[in-house]
Amino acid sequence: MSATTGGEDERRAAGSHEGPSGLLDGAADGSALAGGEAAQDARISILLHDLRTPLSAMRTAVEIIDTEPTTPRQTSAIRTLEMAIDALLSMTAEGLSGVEMPRADDTRDLVGIIRSVTDLFAADARARGLSSRCDIAAELDAYRVADPLALRRVLSVLYDNALKYTGEGGIALTASLEPGGARPVVAIRLADTGIGIPDEEQPWLFRARRRGELARGTASGSGLGLWSAARLAAAQGGGLTLFESSPQGSCFELRLPLLAPAATRPGAGDADEGERPAFAGAAGVPARGNVRKIARRRLLVVDDNEANRRMMEAMLGAFGCDTVLAESGEAALERLDAEPFDAVLLDINMPGMDGVATLAGIRSRAATARLPVIGITAAALADRPGLETAGFDALMEKPVLPAMLFSALDRAILGRAAG
């Protein structure tokens, strides 16, 4: 760790610097600039939407891998990969909707979040020949944070920077509880043995698109990481500061207010760490590992993306289902005219004949009018009431998790049979 540069007055606080100018600050005037902002927003929205498809395929692939027996080390790696993908999916969803999206697990456990980020970057540190240490005070075990994703994003920025600018030595994280005041506060410090930050560059360290000469000569970057991390910390009622820096390394401190202790949460401690729930369903019977099978069904999967079709085929195969694939709405209707199926898994957002139009075609045919159809989309389901009115038996957002798909299939098929 580097030597301390002074007391609290000498810390460089993110909140003490004026914000970025131009597009990044949203303070520009004029119709031309407004038009440029709108075009930039549109490009970002398209990028975020397009990212959801490969991320969803990755998440599904991880779930499929997890249906097979794994070693404890492999299980740990799978959990880390799941958390990383889920964080990216949450960011893309929030970027598209403009509001915070609910998480699948919505875990707010402070220590668990810190360790998950540390584990994610520890492998990279080892590959670079760096040491990685994580010391968390025991009294933090009971506390939670208001926004798990924000904490993960800030810590990820700090770890990423530490790895980029540290050639030898290591990285150390310490987390401690600071009681007192209206709410207790967690103080997280991440120290590295990297290149350090010169004194003359520290005043604008948290400004957007500002990178020091030493940093530019060491690694590539956009100059947005610390700026965005500082804004996230401030939005949570906390702060991000440069605690100390010297030519022997730097140390950043993140301070965030905490929620009430989590010791009384329902279900806390009921399951062993790493234990995965089995897939549930009325027709389910136990199978190998954590997979359950339903009575053999013949299912039609309709999606214009080949990777998504193959992932769905592999997942349904683990359930013991026979699967037929169709790349478009037109191809799906041809298949349905030629052979019988027990249910259809239908992508809603397809070029040409989309999912809603395909569903209308299915419902218009006497032979398939009551066929169970589950709608699937990579976009947030803002128009859920309208889609339900269209006649879908169930609606699911990508990534489609096996347990949720199993239950949705069970309910749709059994529901149609009972009706």
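Five strands form an open sheet in the order S10-S9-S11-S12-S13, with parallel pairing (two strands pair if DSSP finds at least two bridges between them; strands are DSSP runs of E, at least two residues, and helices runs of H or I, at least four, numbered from the N terminus). The model is predicted: local features need pLDDT of at least 70, side-chain atom pairs count only at pLDDT 80 or more, and totals for chains, interfaces and linings use all residues. Residues are numbered from 1 along each chain as its sequence is written, and side-chain values use heavy atoms, without hydrogens and water.

- Strands S11 (residues 343–347) and S12 (residues 373–377) run parallel and are joined by 4 bridges.
- Val 373 in S12 is the bridge partner of Val 344.

**Aromatic pairs**
- There are 2 aromatic pairs (Phe, Tyr or Trp rings, the six-membered one for Trp, with centres within 6.5 Å; planes under 30 degrees apart are stacked, over 60 edge-to-face, the rest tilted).
- The rings of Phe 121 and Tyr 159 are stacked, because their centres are 5.4 Å apart and their planes at 10°.
- Phe 121 lies in helix H3 (residues 110–127) and Tyr 159 in helix H4 (residues 148–164), so this pair ties together parts 38 residues apart in sequence.
- Phe 206 and Phe 252 pair edge-to-face, at 6.4 Å centre to centre with 90° between the planes.
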